[in-house]
Amino acid sequence: MNLLLAAVPDYTASDFSEETWWLTLIKAVFLIVFLILNVLLALWVERRGLGRMQTRPGPNVAGPLGLLQAIADAGKLLFKEDMWTRRSDKFLYFLAPAIAAFSAFSVFAVIPMGPNVNLFGHSSPLQLADMPVATLYILAITSLGLYGVVLGGWSTRSTLPLYGAVRSSAQVISYELAMGMALVSVFLMSGTMSTSQIVAAQGRVWWIVPLIP
């Protein structure tokens, strides 16, 4: 047990008592930039790996370490011809990915990245926001992202894309049910739904061991 406790970082529940609006703004901008850079890094690694498996040298020779391949891909997307059907709804077509992206970014607002630190003379947690029901907020926002999938298929006003969107929606809903039930055990052990307090509660025991079943 001592080894388990030693492996747990010394977190405490987030304290927003010294939070200011400009600190929140800075953390929000940093979070968005951080997530975008993570996506770019993941795409760069994926393209290099797929390039080797598919014998496509581009992602590995375009610029140093294939870094210029991302610029080439962006240019290709910008100059591609837009294809529309007569009955398609352009507003919903653009709204669907916006909803999906908004949901993905919003989830990370309540994810604690670290304890309270001193930022520009103010004690602030490495977390954008927290609330007593933060985990329910995560489930709600991920459910909202489902509308992006459905509207993407609906916007085409075509049968087959709508079938694909409904099938994807059914898969996401089934995953959410299992994920929600898995979180119940975490709620019971921590006695809270706040993400920062859930992390702080692990100071007693590293839950990866008791929650393995």
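A short chat about this structure follows.

Q: What kind of model is this, and how are residues numbered?

A: This is a predicted model: local features need pLDDT of at least 70, side-chain atom pairs count only at pLDDT 80 or more, and totals for chains, interfaces and linings use all residues. Residues are numbered from 1 along each chain as its sequence is written, and side-chain values use heavy atoms, with hydrogens and water left out.

Q: Okay, the surface. Which residues form the nonpolar patch?

A: Among them are Trp21, Leu25, Val29, Ile32, Val33 and Phe105, and the patch has about 1000 Å² of accessible area together. Such areas come from the Shrake-Rupley method with a 1.4 Å probe, and for residues only the protein chains shown count as cover. Patches are made of residues with over 30% relative accessible area and no salt bridge; like charges are joined within 9 Å, nonpolar side chains (Val, Leu, Ile, Met, Phe, Trp, Tyr) within 5 Å. A salt bridge is a side-chain nitrogen of Lys or Arg within 4 Å of a carboxyl oxygen of Asp or Glu.

Q: Which helix gives the most to that patch?

A: Helix α2, residues 21-53, with ten residues. Helices (H or I, at least four residues) and strands (E, at least two) are DSSP runs, numbered from the N terminus.

Q: Take Ile32 then. Why is it called partly exposed?

A: Ile32 sits in helix α2, and it is partly exposed because its relative accessible area is 44%. Buried means under 20% relative accessible area, exposed over 50%, and partly exposed in between (1.4 Å probe, protein chains only).

Q: New topic: how many aromatic pairs are there?

A: The structure holds three. In one of them, the rings of Trp22 and Phe120 have their centres 6.1 Å apart and their planes at 65°, so the pair is edge-to-face. This pair links distant parts of the chain, with Trp22 in helix α2 and Phe120 in the loop between β1 (114-119) and β2 (122-126), 98 residues apart. Rings of Phe, Tyr and Trp (its six-membered ring) pair if their centres lie within 6.5 Å; planes under 30 degrees apart count as stacked, over 60 as edge-to-face and the rest as tilted.

Q: And Phe120, is that buried or exposed?

A: Phe120 counts as exposed, at 62% relative accessibility, while Trp22 is partly exposed at 29%. Phe120 also has a positive phi, near 55°.

Q: Now a serine: where does Ser194 lie?

A: Ser194 is in the loop between α8 (159-190) and α9 (195-201), and at 2% relative accessibility it counts as buried. Leaving aside neighbours within four places in sequence, Ser194 is in contact (heavy atoms within 4.5 Å) with Asp130, Met131, Pro132 and Ala134.

Q: And which side chain does Ser143 have a polar contact with?

A: The side chains of Ser143 and Glu176 are joined by a polar contact of 3.2 Å. A polar contact is a pair of N or O atoms within 3.5 Å; within protein, one must be able to donate a hydrogen and the other to accept it, and residues adjacent in sequence count only if both atoms are side-chain atoms. Ser143 belongs to helix α6 (residues 134-144) and is partly exposed, at 28%.
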